[in-house]
Amino acid sequence: MRVLLFTGKGGVGKTTAAAGTATLAAHRGMRTLVLSTDAAHSLGDAFDAPVGPEPTEVDTDLYAQQVDTQQRFEQHWGQVQDYLLAVLDAAGVDRLEAEELTVLPGAEEVLALLEVRNQVRSGRWDLVVVDCAPTAETLRLLALPEALAWYMERVFPIERRVIRSLRPVLSRVAGVPMPQTPVLDAVERLHDELADVRRVLTQPYSSVRLVLTPESVVVAEARRTLTSLALYGYRVDAVLANRVFPADSQDAWLRGWAAAQAQQLEEIEQCFVPLPVYRSPYRAAEPVGVEELAAFAAAAYGSGCRVPDDPFAVPDVEEPLSVERSGEQFVLSLALPLADRREMDLVRKGDELVLTVGSHRRVLALPGALRRREIVGAELRGGRLRVRFAAEEITSDERVRVSS
């Protein structure tokens with residue numbers, strides 16, 4: 001089983017890369033599904049074929065799917081929405097406005113991820129390829145399951161007990177209906193399913209592939225994306241540089257572009273080590289349809305000298321998070337490639353570490369062995385953050401200085 005997620009800055013060709021990769025895999029005999037979580041819904045355009053809400057065969061061993069988010073929404077959020085509509089109705093809000101207000105923000109992407117989980121768990125596929133939204137939306141989406149888990153484990157049980165015991169009183173005093181047990185169950189069920197999504201996407205067989213074009217602004221965003229994905233515990237297995245101009249062109253304008261791209265490509269090779277960097281040449285026409293997509297992927301994955309023979313093999317990537325013992329100390333190690341120490345903040349709050357890198361934050365629940373041990377130091381070296389814990393029990397929350 002293999003799961004590949006494609007993301008990148010908008011307009012770099014990630015849908016083409018995802019569809020091409022899936023097509024190449026199918027041509028190699030892998031039963032493959034490519035599914036989009038991007039609200040742009042451009043998979044059908046890439047294949048130049050209709051793509052339905054269920055897996056639709058577009059070629060031998062190749063299926064594509066555009067999730068019916070409305071149907072999934074009703075399955076997963078319908079009971080909660082009905083309750084919210086009742087609350088707004090009691091407050092005198094117009095029914096049409098109330099329906100708009102109760103639409104879950106980002107519902108399409110969230111429910112598409114649930115469908116990814118369903119397809120992976122089905123056992124029907126050798127490879128599931130996910131065409132994700134552009135990087136900013138993808139990062140918010142992939143951070144959601146763990147963030148929701150934090151709320152559900154710490155706050156929701158208390159709220160549930162309070163609502164259950166005070167429901168009759170609150171209904172009379174507030175004048176609005178209190179959530180019934182099925183509503184609370186629906187919220188908890190959504191949390192459980194999103195937690196399973198995270199389990200699927202953080203397994204060794206799942207990894208993210210970054211798509212970029214060799215331009216300084218795009219490369220800078222890809223660097224930040226690599227760090228942020230690692231912060232949330234996701235593996236990145238490769239970079240695909242798209243729309244690379246030929247260096248031997250007779251046209252002076254194209255040679256100028258090729259020279260500028262060559263500088264960026266050299267930087268990409270250096271800063272993304274040890275990840276393989278695939279290169280896709282700028283094609284004479286947009287790759288649309290199965291044959292063109294297969295040719296696109298074959299050219300991309302056949303390029304370069306520092307790439308694996310099999311682009312579909314499970315990557316040999318370090319564990320994103322690990323705990324090791326070193327003498328009397330324990331060391332919590334977290335992969336943070338390309339992270340800048342000056343943009344990091346690390347705070348101990350009770351049984352948790354709150355780690356901020358740039359504009360992204362992750363709350364890490366400490367393993368049992370570390371919860372009563374004091375932090376004695378932290379350093380960022382070789383693309384990993386190492387937090388050292390001593391044997392002494394902690395006395396208070398603490399802000400930790402990260403050294404280089």
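In the classification of residues used here, Ala, Val, Leu, Ile, Met, Phe, Trp, Tyr, Cys and Pro count as nonpolar, Asp, Glu, Lys and Arg as charged, and the others, Gly among them, as polar. The structure is a predicted model, in which local features need pLDDT of at least 70 and side-chain atom pairs count only at pLDDT 80 or more, while totals for chains, interfaces and linings use all residues. Residues are numbered from 1 along each chain as its sequence is written, and side-chain values use heavy atoms, with hydrogens and water left out.

The average pLDDT (the predictor's confidence in each residue, from 0 to 100) of the protein is 82, and 76% of the residues score at least 70. Over residues 169–173 pLDDT stays under 50, and the model has four contacts (heavy atoms within 4.5 Å) beyond four places in sequence for these residues.

The protein has 11 helices and 17 strands, taken as DSSP runs (helices H or I, at least four residues; strands E, at least two) and numbered from the N terminus. Of the contacts in the protein with a separation of 6 or more, 71% are accounted for by residues 24 or more positions apart. Of the 404 residues, 51% are buried, that is, under 20% relative accessible area (1.4 Å probe, protein chains only).

Pockets were located on a 1 Å grid over the protein atoms alone, a pocket being an open set of points where a 1.4 Å probe fits, with protein on both sides within 12 Å along at least five of seven lines; lining residues have an atom within 4 Å of a point. Grid points are joined across faces, edges and corners, and a volume is the space filled by probe spheres set on the points.

The largest pocket holds about 650 Å³ of space. It is lined by 33 residues, of which V236, P274, L275, V317 and E318 are the closest to its centre. The lining comprises 23 nonpolar, two polar and eight charged residues.

The second largest pocket has a volume of about 370 Å³. Among its 19 lining residues, R223, R224, T225, S228 and E343 are the closest to the centre. Here α6 (135–154) and α9 each give two or more residues, and α9 gives the most, with seven. The lining of the second largest pocket divides into six nonpolar, seven polar and six charged residues.

Terms used:
Buried means under 20% relative accessible area, exposed over 50%, partly exposed in between (1.4 Å probe, protein chains only).
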